[in-house]
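Take a moment with the sequence and the 3D view. Then follow this report from one contact to the next.

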Amino acid sequence: MENQMDIPVALYEDEVVSFLADRYHCTPNEIVQCFLAQEGRIEKAGEKLSSFILEENEMEIMRGLCSLF
């Protein structure tokens with residue numbers, strides 16, 4: 001049985017997540033997935049989820065955003 005995460009829609013619509021998506025030329029969904037994979041909250045299932053890695057300062061920002069929800 002897999003654990004399902006409820007990620008608020010507001011996180012995908014956040015201006016910081018949108019900024020990161022523009023920076024990495026991807027979608028907000030891909031930013032959130034990359035963050036969760038780097039945090040070890042989801043498995044990568046044998047293949048890369050994204051073609052980029054969030055920098056540590058971006059990870060800190062995402063951690064702060066996730067704590068708001």
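Start with a charged pair. Arg63 forms a salt bridge with Glu39, and their closest N and O atoms are 2.8 Å apart. This pair links distant parts of the chain. Arg63 sits in helix H4, while Glu39 sits in the loop between H3 and H4, 24 residues away. Arg63 is partly exposed, with a relative accessible area of 26%. Glu39 also counts as partly exposed, at 26% relative accessibility. Keep in mind that this is a predicted model.

Arg63 has another partner. Glu56 forms a salt bridge with Arg63, the closest N and O atoms being 3.0 Å apart. Glu56 is exposed, with a relative accessible area of 51%. Salt bridges that share partners join Glu39, Glu56, Glu60 and Arg63 into one network.

How many salt bridges are there by this count? The count comes to five. One of them pairs Arg23 with Glu55. Arg23 lies in helix H2 and Glu55 in the loop between H3 and H4, so this pair ties together parts that are 32 residues apart in sequence. Arg23 is partly exposed at 37% relative accessibility, and Glu55 is partly exposed at 39%.

| Salt bridge | Closest N and O atoms |
|---|---|
| Arg63 and Glu39 | 2.8 Å |
| Glu56 and Arg63 | 3.0 Å |
| Arg23 and Glu55 | 3.2 Å |

Now step back to the whole chain. The protein chain has four helices and zero strands. Read along the sequence, its pattern is α-α-α-α. Buried residues make up 29% of its 69 residues. Among contacts with a separation of 6 or more, 47% are between residues 24 or more positions apart. The chain exposes about 5000 Å², and carbon and sulfur atoms supply 50% of that area.

Next, look closely at helix H4. At 1.5 Å a residue, its 13 residues should span 18 Å. The end C-alpha atoms of H4 are 19 Å apart, which agrees. Which residues of H4 are buried? They are Glu58, Met59, Met62 and Leu65. Seen down the axis of H4, these buried residues fall within an arc of 120°, so they line one face of the helix. They pack against helix H1 (9-13), H2 and H3. On the other side of H4, Glu56, Ser67 and Leu68 are exposed.

Leu54 counts as buried, at 4% relative accessibility. Not counting residues up to four places away in sequence, Leu54 touches Tyr24, Ile31, Cys34, Phe35, Gln38, Met59 and Met62. The C-alpha atoms of Leu54 and Gln38 are separated by 8.1 Å, with the two residues 16 apart along the chain.

Finish with rings. The structure holds one aromatic pair. Tyr24 and Phe52 form this pair, and it is stacked: 4.6 Å centre to centre, with 20° between the planes. Tyr24 lies in helix H2 (residues 15-24) and Phe52 in the loop between helix H3 (28-38) and helix H4 (56-68), so the pair ties together parts that are 28 residues apart in sequence.

Note on methods
Residues are numbered from 1 along each chain as its sequence is written. This is a predicted model: local features need pLDDT of at least 70, side-chain atom pairs count only at pLDDT 80 or more; totals for chains, interfaces and linings use all residues. Side-chain values use heavy atoms; hydrogens and water are left out. Rings of Phe, Tyr and Trp (its six-membered ring) pair if their centres lie within 6.5 Å; planes under 30 degrees apart count as stacked, over 60 as edge-to-face and the rest as tilted. Helices (H or I, at least four residues) and strands (E, at least two) are DSSP runs, numbered from the N terminus. The expected span of a helix is 1.5 Å times one less than its number of residues. Buried means under 20% relative accessible area, exposed over 50%, partly exposed in between (1.4 Å probe, protein chains only). The arc is that of the directions from the helix axis to the C-beta atoms. Contact means heavy atoms within 4.5 Å. Accessible areas come from the Shrake-Rupley method with a 1.4 Å probe; for residues, only the protein chains shown count as cover. A salt bridge is a side-chain nitrogen of Lys or Arg within 4 Å of a carboxyl oxygen of Asp or Glu.
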